[in-house]
Amino acid sequence: MTHQFNRRMLCISTAILAITGSVPFTATAQAADTIKLGIVAPMSGPNARYGGFSLRGAELAVKDINDAGGVNGTKIQLFNADSQGTPVEGVSATRRLIDQEGVDFIIGDVSSSVTLAMQPVAEDAEVLLLNAASSNPKITYQAGVGGFKWTYRNYPTDENRALVVAKYAAEQRGFTKFAVLSVDSDYGRSAITFTKKYLPEFKGQILSEDYYKEGEVDFRSVLAKIRDNGAQAIIYYGLADTTPILARQMVELGIAGKVTLIGNGEFNTEKTIKSAPTALEGAVEAAAWLPQFDSPASKAFVEKFTTTYKEAPNNHAYVHWDTVNLLAAAIKQAGSADKSKVRDALSKIKYKSPVGDVTFDDHNQARLPMILLQIEKGVPSIKGAYSADIQYPAK
Amino acid sequence: MSLTETVPQARRRDLRIPLAVVLIVVALGAPYMGSRYVTHSLIIALIFMLPAHGLNLLVGYTGLLSLAQAAFFGIGAYTAGLLAVTYGTPFYVNLIAAALVSGAAALPLGIPALRLRSTSFVMCTLGFVIIGQAIAKNWVSVTRGDMGLSSIPKPYFELGPLSFTVSGTTNFYYLALAVGVLATLAVWAIVRSPAGRNMVAIRENETLAESLGVPTWHYKLIVFMISAMFAGVGGCLYAHYLTVVSPLTFQMYYSTTMLIIVLGGGAGMISGTVFGSLLFVGLTEALRVAPEVRMIAYGACLLVLVFWFKQGFAPLINRFWNAIGGVK
Amino acid sequence: MLSTVLEQVVNGIVTGSVYAIVAVGMTMIFGVLRAINFAHGEYYMLGTFGAWFAIDYLGLSYEASIVVGVLATIVVAYVVGQLVMRRMVGAPAESGVLATLGIALILQNTVIFVFGGGYKFFSGGYIEPISIFGFSLAQQRILILVVCLVVFVGLELMVTYSRLGMAMRAVSQNVECCEVVGIDVPQVVLRTFILGAALAALSGVLTAPVNVSVYGGMGELITFKTLPIIIMGGLGNVRGTFFAAMILGIAESLVATYVGLQFRDTVGFATLILVLMWRPHGLFSTQARF
Amino acid sequence: MNAHLPLLEIRNLSKSYGAVKAVNDVSIHIDRGEIAGLIGPNGSGKSTFFDCSTGLARPDTGTVILDGQDITGWSLNRIAREGRMLRSFQKTVTFKSLDAEENLVIAGQMFTFPSIAATFGLGKLSRSRIEGLRERARELIKMAGLWDVRHQPAGNLSGGQQKLIQFASMLMPEPKLILLDEPMAGINPKIIERVVDTILYANKSLGVSFLVIEHNIDVVTSICQRVVVLDQGSKLVEGLAHDIIQDQRVREAYLGG
């Protein structure tokens, strides 16, 4: 305290303060005639491993659209904002996009609790919020006729997924004894809640129930338990980067090929299968998309993404890429980038996505085809695409 | 300053009162001066200022480094959120309940933890956050697990026949400002009281304080509970403002944020905490101009803080304040 | 029943070995610096990333990638040590927390910035399972166990007989005295820090084949796992850390099996708090006896 | 009250650390108004004996009776607050970032405020209590000769001046008994005189009794009436100061017999 705080320090600190005080609040120059699109995603910290793919997917779509001359001749300008996967940061990012950057459209976030916190902000500012990766059912329970008019979700809910998987596992594969091993998040938990709702219909029985925390790397204990309790299949709604870890440990414990993985968690990518082929053989997955999906648009996306970023795209990359294209289609259909016109167009849209037709229900939830696949001889084989309407709780 | 000392030679004009007036006007008029984004940022600063005030009592005045603040913040947020969602209670009920529940939770946690010294105490308090998150995730019947609470209603007041709802960013700002000012006054009162002096004594030398009859253990426990109450109040505002409470509220990131506010502003100074919360929010928002390197720059700022501003910014504020007052 | 318990104990020991190698570096750094290193997990991450880079970009073998990963981390640790850690001698605890948090943010997000945020798959290592005494384990895990034992025996010898080891013990007991007798304290801190970081990196490279997923934020989780261990082990106590890591590894395995995997991450801190209730100074002597 | 009883009576106090018997079955008493000395070679258990008597450590066996009340097992702060028996520490300790006046006010607070809750008050009563403490503090500061440096943080003062602050602090609560642990260690002779004067003043004018651990034999003989000698944890001998320094056993103990 003595003489450390001399004049120089005072100057430095005043400068720092001046900068921090003024920079965030100066509006950026208004570039005329662009469609301003914001993306909110975790870009730092541990959750960046999902946000990183989201951002790249969206960037790729924007680049493609702009290279092709934009939408109705107008280019899209993409602003990215870091949410760190926490609600406070997510809301701050959203506010900044709306008030400083003046965006009319926002895509985000990956984490459900962030999306839930963003909803009222978007509603308040009347900015179109397109969600592409959160699975909490509440998001669309409270959207559309449920309340928030400006929230749309282009991502399947867990209910449909859970039903499709349970039905296939019971009817086609004849499983009756299941062990639950899902991620400890709203996604993993709600998928299991829905599975439990449908499983009795198929005379299925759950023998053990475990949830792993994000970033978990040791499943040996749980797998040993599952090996001993005689489950035929593991119901796994997990994170994409955990699947290979789990699969390898299944091999390690000698239950690969004896217990089948069912659920969702990118079982189908080449890298995952290569990491433990025996464990994934016969695995059943309900996915919104898979890289091997046989449609020209999908194949082109995979190729372009891989050449641009030197890494294979995953589901998060795809859904964000697809959602930007969906937005572009809606703007095109509306004939203008006016946000309320675009919103009306979105409600009525029949968008041709690479996997099939997409429409929105009265809760602004996309009706998406769910692709059911099974890994056979090391490659995913598609067993069908299912689409079902969501039953909203009466309220 | 005592009267016997020499009067400063050239007394410059005292600008403190005009500056204070300007500050008050800015605080009151902020929503009309900047965009909603500015107002929002100020609300976030005010929300985090509350647990930081509590932490300042612990770290700055009593000398206990705690990382448990996020746990009590979370408990407060859940208490307020659950009350508002389930019973639709008025805001002040939620606020008081959040403070009381957080404070009460601090009692059984503080009793064993405060027996520990330095590093063990820090780790123990960090453990509360981690365990709190596990409870929030797994006690589904109460907390609704990972689904969390959402659509928490806007705060509303019911005073006799009168009732009104605080809606919109601007109104919420005034609510947060009112709570923030009250909390700051409360901290001021605690610090200025004889108990505040005892807290400083514990920080300076616990055994000596003990030998002079100060029941240090009781004081530490009481301050731990008070600090938890401040965190609970902050949690209540957080729940109402963000409308979402999830197990993510219990995270180390929030605890360290509060610590950064206290230490960055200047531990053991009320103005430091107020300033620190503005600085923290200003800094993290300013860094949004470069999203790719934002957290790298933030980390670098922490190092600058540690090595160049060991006492935080409070001594600078004091110098500035004295300088404009004409006191050399 | 008994064999299941036994199997879980074996699992726990393997997990514990990983924790032990990371934690011992952290506890040694605490010993000489009296600061908790919240960035310690980041060196684990750096080691893993270095090895991943060596395999995927340079096309090296796994064995060579171990060397690359550890060396890359040593270089980073040297820079961080010179710029930050040696200046922290005698700094208060709060400064230590903030400075190491700052380093953690910088390292983590620089890696994200350079390599992209997305997760990467680690290919390499000896992942084929083998059966020993009826337990099925990946070969890599056997390697981890062996390395862990070698590291701890080596550290015991080093601390007892080498000059650096003796200087470390001296610094951990009394910094002022060391300055008086002419031990260059910042230098000892720097070397201890680099050694600790290198061990964390080694642990990262060794576990990468079984943990597969590689991403910038992976270090944070390891930091949180090791924190309770170093406290339980008696801060600065090498042997205590080894046993604490094993205890935690085994406890985690048993909880994951018999209570539920979702409680696994709380085991560390819950055990820590229980232990501290019973023995406020940890299970093992707090006196820094390397 | 119990004027015929000794002020402090310690019976059969023992304390071991592991296998080491630091204090072994020591009994002493201090009369009202007395200045007693406790001497013994290094490691003879004097400090441990102090710690056990004042509640800083818990004795293994033995009873401590203060003014007719059994205070064995009370905590340090309770003994100070309720028993008005205060102690100093061998190392000079003050609240270093606070000035002398604040140091002394803190020392008086817990004796002026009736409860912990009352210390959180900011009202008129609270303010007048603090004002009273300040006045007393200023008096004591004057008496200790610290008036000129009273606004400096205690940590900036010399060791001797800090000792005086510490000593003045203990006089704030109008104590019955003060236990001094080597008050003269490491301070210059000028200040020694001043400390001696202050002890005598407190004893004569304020009626405070003392038990003093001291190595400086001159000081011991000049202020203490009665002296107890400890050696290897046990009481070696007890008697009048002038007799004690002549005692053969004491000389042997000090010379490392």
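Domain bounds, as used here, come from an automatic or database domain assignment. In the predicted model, chain D is divided in this way into domain 1, which comprises residues 1–84 together with 175–257, and domain 2, which comprises residues 94–173. A distance of 25 Å separates the C-alpha centres of domain 1 of chain D and domain 2 of chain D. Between these two domains of chain D, 14 residues of domain 1 are in contact with 12 residues of domain 2. On the domain 1 side of this contact in chain D, helix 7 (residues 189–205) gives the most, with five residues. By class, that side of domain 1 of chain D has eight nonpolar, three polar and three charged residues.

Contacts also link separate chains: 36 residues of chain A are in contact with 36 residues of chain C. On the chain A side, the elements that give two or more residues are helix 2 (48–67), strand 7 (205–212), helix 8 (220–229), helix 9 (243–252) and helix 10 (270–275) of chain A. Of these, helix 8 of chain A gives the most, with six residues. The residues of chain A on the side that touches chain C divide into 14 nonpolar, nine polar and 13 charged.

Within chain A, strand 1 (residues 34–41) and strand 2 run parallel and are joined by eight bridges. One pair of bridge partners consists of A:Leu37 and, in strand 2 of chain A, A:Leu78. Together with helix 2 of chain A, strand 1 and strand 2 of chain A make a right-handed β-α-β unit. Strand 2 (residues 75–82) of chain A is largely enclosed by the rest of the structure, because six of its eight residues are buried.

Conventions: Residues numbered from 1 in each chain as written. Chains lettered and ligands numbered in written order. Predicted model: local features only at pLDDT ≥ 70, side-chain atom pairs only at ≥ 80, totals over all residues. Contact = placed C-beta atoms within 7 Å. Helix = DSSP H or I, 4+ residues; strand = E, 2+ residues; numbered from the N terminus. Nonpolar A, V, L, I, M, F, W, Y, C, P; charged D, E, K, R; others polar. Buried ≥ 20, exposed ≤ 12 C-beta atoms within 10 Å, placed from the backbone. Pairing = 2+ DSSP bridges. Right-handed = clockwise from strand over helix to strand, strands pointing away.
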